[in-house]
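Please examine the model displayed below together with its sequence. The report that follows it is organised by topic.

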Amino acid sequence: MAPTPRFSSDKVTVVFVLGGPGAGKGTQSENLVRDYGFNHLSAGDLLRAEQVREGSEYGELIRHHIREGTIVPMEVTVALLSNAMAAILEENSSKTTPARFLIDGFPRQIDQAHFFEETVCVSKLVLFLVCPEEVMLGRLLKRGETSGRDDDNIESIRKRFRTFEQTSMPVVREFEEKGKVISVQATGSKEEVYERIQSELKAKGVDAL
Ligand SMILES: Nc1ncnc2c1ncn2[C@@H]1O[C@H](COP(=O)(O)OP(=O)(O)OP(=O)(O)O)[C@@H](O)[C@H]1O
Ligand SMILES: O=c1ccn([C@@H]2O[C@H](COP(=O)(O)O)[C@@H](O)[C@H]2O)c(=O)[nH]1
């Protein structure tokens, strides 16, 4: 028998934000949190926090995957996401409206997508930011001047691009077949990209607060 997801989609709305490394997922998520009341969960941020958490048994494993641009085993990432969602829902337990979650940079591999939807929550939409590699490369190298991220260097970036094409694009294609994907061109200024996102969300019936 199939497992029951931990959170019912009546009570929780999940929107995944996908796109290549540097497409602007984190940047646009901040806008959506401000205007749409989403709770933002970045899978990468949760993994980086777990990597440095004292006593974590996964620190070295996560460090290795992040540097190599490969995917951390899904059980680790899905548990971090599920527990972060539970903590937010617990904090907001007095609210009666469904909680909105924007899950940025996840799912990056098809088995993660299936495992999350079977055990945590079925997603409503996928916001997919479409951006050419040369634009993403320029943004990441600039971010790398100050980010301190282990993977904002040319070797890791090249590996991340490869993982994105080979492993993460099949996820986008599967959600596309289900009619769940909103694709937005992520070139141009941050403001231009956000305007495109807002008009696409409106067309799908997702309103700002
Ligand atoms: N439209 C844009 N124009 C110029 N710079 C941008 C734009 N969007 C984002 N940036 C910058 O590009 C860098 C990468 O953006 P961001 O961190 O949002 O991308 P991301 O998709 O979340 O990346 P990653 O997957 O590597 O975490 C940041 O320094 C951000 O300020
Ligand atoms: O679901 C996920 C999300 C991320 N990772 C690893 O983290 C890095 C950085 O992710 P960002 O979203 O760019 O912050 C990514 O390259 C993967 O190594 C993951 O394994 N699983």
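The sections below treat the model and its confidence, the ligand shell, the annotated positions and the paired strands.

## Model and conventions

This is a predicted model, in which local features require pLDDT of at least 70 and side-chain atom pairs count only at pLDDT 80 or more, while totals for chains, interfaces and linings use all residues. Residues are numbered from 1 along each chain as its sequence is written, and chains are lettered from A and ligands numbered from 1 in the order in which they are written.

The chain has a mean pLDDT of 96, and 100% of its residues reach 70 or more; pLDDT is the predictor's confidence in each residue, from 0 to 100. For the complex, the predictor gives an ipTM of 0.98 and a pTM of 0.97.

## The shell around ligand 1

There are 15 residues around ligand 1, of which Gly24, Lys25, Gly26, Thr27 and Arg139 come nearest. A residue is taken as near a molecule or strand if its C-beta atom, placed from the backbone, lies within 6 Å of it. By class, the shell comprises 3 nonpolar, 8 polar and 4 charged residues. Here Ala, Val, Leu, Ile, Met, Phe, Trp, Tyr, Cys and Pro count as nonpolar, Asp, Glu, Lys and Arg as charged, and the others, Gly among them, as polar.

Helix 1 (25–36), helix 6 (133–144) and helix 8 (190–203) each supply at least two residues of this shell. The most is given by helix 1, with 3 residues. Helices (H or I, at least four residues) and strands (E, at least two) are DSSP runs, numbered from the N terminus.

## Annotated positions: first group

An unreviewed UniProt entry places the feature "binding site" at Gly22, Ala23, Gly24, Lys25, Gly26, Thr27, Arg143 and Gly188. UniProt positions are given in the numbering used here, feature names are shortened, and annotations may be inferred rather than shown by experiment. Lys25 belongs to helix 1 and is buried, because 24 other C-beta atoms lie within 10 Å. The cut-offs are 20 or more other C-beta atoms within 10 Å of a residue's own for buried, 12 or fewer for exposed, and partly exposed in between, with C-beta atoms placed from the backbone. Leaving aside neighbours within four places in sequence, Lys25 is in contact (C-beta atoms, placed from the backbone, within 7 Å) with Val17, Gly19, Asp104, Gly105 and Leu129.

Gly188 is located in the loop between strand 5 (181–185) and helix 8. Gly188 counts as exposed because it has 11 C-beta neighbours inside 10 Å.

## Annotated positions: second group

The "binding site" annotation in UniProt (unreviewed entry) also covers Arg48, Thr70, Ile71, Val72, Gly105, Phe106, Pro107, Arg108, Gln112, Arg149 and Arg160. They span 113 residues in sequence, and the farthest two C-alpha atoms are 23.8 Å apart, so they do not all gather at one spot.

Ile71 lies in the loop between helix 3 (59–68) and helix 4 (74–91) and is partly exposed, with 18 other C-beta atoms within 10 Å. Beyond four places in sequence, Ile71 is in contact with His65, Arg108, Gln109, Thr163 and Thr167. Phe106 is found in the loop between strand 3 (99–104) and helix 5 (110–119), and counts as buried, with 27 C-beta neighbours inside 10 Å. With neighbours within four places again left aside, Phe106 is in contact with Phe16, Ala43, Thr77, Leu81 and Gln112.

## Paired strands

Strand 1 (residues 12–19) pairs with strand 4 in the parallel sense over 5 bridges; pairing requires that DSSP find at least two bridges between two strands. Within this pair, Val15 has Leu125 as its bridge partner, and Gly19 stands opposite Leu129. Strand 1 is also joined to strand 3 by 6 bridges, and the two run parallel; Thr13 stands opposite Arg100 there. Strand 1 is mostly covered, with 7 of its 8 residues buried.

Strand 4 (residues 125–130) is mostly covered as well, with 5 of its 6 residues buried. Strand 4 and strand 5 pair in the parallel sense over 5 bridges, and Phe128 stands opposite Ser183 in strand 5.

Notes:
Two residues are in contact if their C-beta atoms, placed from the backbone, lie within 7 Å.
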